[in-house]
Amino acid sequence: MKAHWIALACCLSLPALAETEHPLLPGYATQARQADPAFAGFSAERGKALYFAEEQRDGKIMSCTTCHTADPRQAGKTPAHRKVDPLAPVANPERFTDLKKVEKWFRRNCDDVFARECTAQEKGDFISWITGLK
């Protein structure tokens, strides 16, 4: 009887331990698989590396941190000194909830920093990292 309670307690705690997948990730995974059939999943480590990656743009070093700061849980500012709300959903729960807005800002910011669009894998990697911040 005692073993049954232990097994029941283990099973009941499993959902609490399981990570919930961000709702945008399945769509990005589908796109990533179409672009690369060898796609093996998203990586928070690659997402973090993308955030801190530096590129030379118009004689200046740019990265996501240029506007969003080294801590995306903090507010930042644009080169024109406009306030940028925190990027991390833990500090700004509205972030990464609307696909249309997410796509708009990925398109704009990837072009500003990397002079290209980000790939579906990069977007998924980034969301995997940023939504994991506490």
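Which strand holds I61? The residue lies in β2, the strand spanning residues 60–62, where a strand is a DSSP run of E of at least two residues and a helix a run of H or I of at least four, both numbered from the N terminus. The model is predicted, with local features needing pLDDT of at least 70 and side-chain atom pairs counted only at pLDDT 80 or more, while totals for chains, interfaces and linings use all residues. Residues are numbered from 1 along each chain as its sequence is written, and side-chain values use heavy atoms, leaving out hydrogens and water.

Beyond its neighbours within four places in sequence, I61 is in contact (heavy atoms within 4.5 Å) with E54, E55, Q56 and T66. Between I61 and V113 the C-alpha distance is 8.8 Å, although 52 residues separate them in sequence.

Now to the helices. The axes (lines fitted to C-alpha atoms, for helices over the stretch in contact, with angles from 0 to 180 degrees between N-to-C directions) of α2 and α6 come within 8 Å and cross at roughly 150°. This makes α2 roughly antiparallel to α6, a label for angles over 145 degrees. Residues L25, Y28, Q31 and A32 of α2 meet A120, Q121, K123, G124, I127 and S128 of α6.

What does Y28 touch, leaving aside its neighbours within four places in sequence? Its partners are F42, L99, V102, E103, F106, A120, K123, G124 and I127.

Methods:
Parallel < 35°, antiparallel > 145°, perpendicular 65-115°, else oblique.
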